[in-house]
Amino acid sequence: MAHITIAVTGSISAYKSADLVSRLTKMGHQITVLMTKAATSFITPLTFQVLSKNDVHLDIMAEPYADKVNHIEIGKETDLFIVIPATANTLARLANGFADNMVTSTALALPNHVKKIIAPAMNTKMYDHPATQTNLNKLESYGYHIIAPREAILACGDNGRGALADLDTIINVIKEKLNEETI
């Protein structure tokens, strides 16, 4: 089974990442969870710790091992890296090489062979904004597979594209990237 690193960012859709962690763990994958500070406003690290049976990584400056640099080691152990949900802020940081939190630092330190996926979730206007679209195109050019959001009534009440893709769709993309049978 694969070692999957799941990066959770500050979106109301963050709670859906817990279900993804649970499902992937039950499938036998080793899961490492990274969170931005904003993500912890929507869901607690303890939820992911219990579901993944592993420590959750929040702080780029927290170095639990004296002989290792945490975000570098996580990158070395990762077979597949997924940002779910990916906010406009995190997309911009990743597209422009910022490394100022655990998610962006680990992403920047990933070896070239690691498969990378982004599942955006945000308001339609934010998703359709030219800056966000430019950032998504940049990330595709860096080797990220983008799982387009779906159209729905969003948490803000707007109706449009921006809702996180269905988890079955996301799991099928993960399986395809890992050369496993899809559901």
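I take buried to mean under 20% relative accessible area, exposed over 50%, and partly exposed in between. By that scale Arg23, with a relative accessible area of 26%, is partly exposed. I note at the outset that this is a predicted model.

**Entry 1: salt bridges**

I searched the whole structure and found 6 salt bridges. I followed up several of them.

I began with Arg23, whose side chain meets that of Asp168 in a salt bridge at 2.4 Å, N to O. This pair links distant parts of the chain: Arg23 is in helix 1 (residues 14-26) and Asp168 in helix 8 (residues 167-177), 145 residues apart. I looked up Asp168 too and found a relative accessible area of 40%, so Asp168 is partly exposed.

Next I took Lys125. It forms a salt bridge with Asp158, and the closest N and O atoms are 3.7 Å apart. Lys125 lies in helix 6, while Asp158 sits in the loop between strand 7 (150-153) and strand 8 (159-163), so the pair ties together parts that are 33 residues apart in sequence. Are these two buried, partly exposed or exposed? Lys125 is exposed at 63%. Asp158 is partly exposed at 29%.

Then I checked Asp166 and Arg150. Their side chains meet in a salt bridge at 3.3 Å, N to O. Asp166 is in the loop between strand 8 and helix 8, Arg150 is in strand 7, and 16 residues separate them. Asp166 has a relative accessible area of 44% and is partly exposed. Arg150 is partly exposed as well, at 29%.

I asked why strand 5 is largely enclosed by the rest of the structure.

I then traced the pairing. Strand 4 (residues 80-86) pairs with strand 5 in the parallel sense, over 5 bridges. Ile82 has Ile117 of strand 5 as its bridge partner. Strand 5 also pairs with strand 6 (residues 144-146), again in the parallel sense, over 3 bridges. There, Lys116 has Tyr144 of strand 6 as its bridge partner.

**Entry 2: helix 7**

I looked at the span of helix 7 (residues 130-141). Its 12 residues reach 16 Å from first C-alpha to last, close to the 16 Å expected at 1.5 Å a residue.

Which residues of helix 7 are buried? I found Thr132, Asn135, Leu136 and Leu139. They cover an arc of only 100 degrees around the axis, which puts them on the same side of helix 7. Residues three or four places apart in an α-helix point the same way, because there are 3.6 residues a turn. On the other side of helix 7, Pro130 and Ser141 are exposed.

What covers the buried residues of helix 7? The cover includes helix 4 (88-95), strand 5, helix 6 (124-128) and strand 6. Just after helix 7, I noted a positive phi of about 100 degrees at Gly143.

I looked up Ser105, in helix 5. Ser105 is buried, at 6% relative accessibility. Leaving out residues up to four places away in sequence, Ser105 touches Ile60, His71, Ala99 and Asp100.

His113 lies in the loop between helix 5 (102-108) and strand 5. His113 is exposed, at 56%.

Leu46 is in helix 2 (residues 45-52). At 53%, Leu46 is exposed.

His113 is 30 Å away in space and 67 residues apart in sequence. Asp158 is 31 Å away, and 112 residues apart in sequence.

Definitions and conventions. Residues are numbered from 1 along each chain as its sequence is written. This is a predicted model: local features need pLDDT of at least 70, side-chain atom pairs count only at pLDDT 80 or more; totals for chains, interfaces and linings use all residues. Side-chain values use heavy atoms; hydrogens and water are left out. Buried means under 20% relative accessible area, exposed over 50%, partly exposed in between (1.4 Å probe, protein chains only). Helices (H or I, at least four residues) and strands (E, at least two) are DSSP runs, numbered from the N terminus. Two strands pair if DSSP finds at least two bridges between them. The expected span of a helix is 1.5 Å times one less than its number of residues. The arc is that of the directions from the helix axis to the C-beta atoms. Contact means heavy atoms within 4.5 Å. A salt bridge is a side-chain nitrogen of Lys or Arg within 4 Å of a carboxyl oxygen of Asp or Glu.
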